[in-house]
Amino acid sequence: MKKMYWISLSYIVFGLVSGVLSHEIAYRTHFTGETSLSLVHPHAILLGGLVFLLLPLFMKAFAVEKQKSFQLFLWVYNIGLSMTLIFLAARGMSQLLTMPFPQFWDHMVGGLAGIGHIVLTVGLGFLFHALIRSAGSDRS
């Protein structure tokens, strides 16, 4: 359970730092529009911090961590969330700093962030599989 709290704390700190970074760079460059960088803050805090903060409740109630699919969830979900955050941040920084990147780079980074979202969804599937199996094993 302690591992989940550390993972949660890591995502929350990353989310808070990205929020401050987004705000400060926008302020200093006089940027007034929306960027993908502003999405990193809520993605990290909600999909990272909140999910891993709530997981110990399921671990205590259902012993979900004993399921093989829970271990798959941990790996797949963290990889997907990391991909999403990294590529959203990269795209947001290029928007915020108005870097002259080729159009294919912008599409590539956006596509990779989308793939990160897909990997996140697969990770959530593993989590729900583990939850359903562990909740079903208590009733047998």
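S22 touches L37, S38 and L96, leaving out residues up to four places away in sequence; contact here means heavy atoms within 4.5 Å. S22 sits in helix 1, where helices (H or I, at least four residues) are DSSP runs numbered from the N terminus. At 11% relative accessibility, S22 counts as buried, a word used for under 20% relative accessible area, with exposed for over 50% and partly exposed for values in between (1.4 Å probe, protein chains only).

This is a predicted model, in which local features need pLDDT of at least 70 and side-chain atom pairs count only at pLDDT 80 or more, while totals for chains, interfaces and linings use all residues. Residues are numbered from 1 along each chain as its sequence is written, and side-chain values use heavy atoms, with hydrogens and water left out.

**Confidence**

- The chain averages a pLDDT of 90, and 97% of the residues score at least 70; pLDDT is the predictor's confidence in each residue, from 0 to 100.
- Confidence is highest in helix 1, at 94, and lowest in helix 4, at a mean of 89.

- Helix 2 covers residues 37-62, and its 26 residues reach 37 Å from first C-alpha to last, close to the 38 Å expected at 1.5 Å a residue; the expected span is 1.5 Å times one less than the number of residues.
- A kink of about 30° in helix 2 is centred on H43, the bend being the angle between axes fitted to the seven residues ending at a position and the seven starting there.
- Buried residues of helix 2 include L37, H43, F52, L55, P56 and M59.
- Helix 3 (residues 68-96) has 29 residues and reaches 42 Å between its end C-alphas, close to the 42 Å expected.

**The nonpolar core**

- The largest nonpolar core has 27 residues, of which M4, F52, L55, F70, F73 and Y77 touch the most other members.
- Such a core is a set of buried Ala, Val, Leu, Ile, Met, Phe, Trp, Tyr and Cys residues joined through side-chain atoms within 4.5 Å.
- Helix 1 (2-28), helix 2, helix 3 and helix 4 (103-139) each supply at least two residues of this core, and helix 3 gives the most, with 9 residues.
- Leaving aside neighbours within four places in sequence, Y77 is in contact with L47, V51, F52, L72, L120, G123 and L124.

**The salt bridge**

- A search of the whole structure finds 1 salt bridge, meaning a side-chain nitrogen of Lys or Arg within 4 Å of a carboxyl oxygen of Asp or Glu.
- E24 and R28 form a salt bridge, with their closest N and O atoms 3.3 Å apart.
- E24 and R28 are 4 residues apart in helix 1, so about one helical turn separates them.
- E24 is partly exposed, with a relative accessible area of 29%, whereas R28 is exposed, at 62%.

**Loops and positive phi**

- H30 lies in the loop between helix 1 and helix 2 and has a positive phi near 60°, though H30 is a residue other than glycine.
- At 68% relative accessibility, H30 counts as exposed.
- A63 is in the loop between helix 2 and helix 3, and A63 has a positive phi of about 55° although it is not a glycine.
- A63 counts as partly exposed, at 22% relative accessibility.
- Just after helix 3, T98 takes a positive phi of about 45°.

**A look at Q103**

- Q103 lies in helix 4 and counts as exposed, at 60% relative accessibility.
- Q103 and M59 are 44 residues apart in sequence and 45 Å apart in space, C-alpha to C-alpha.
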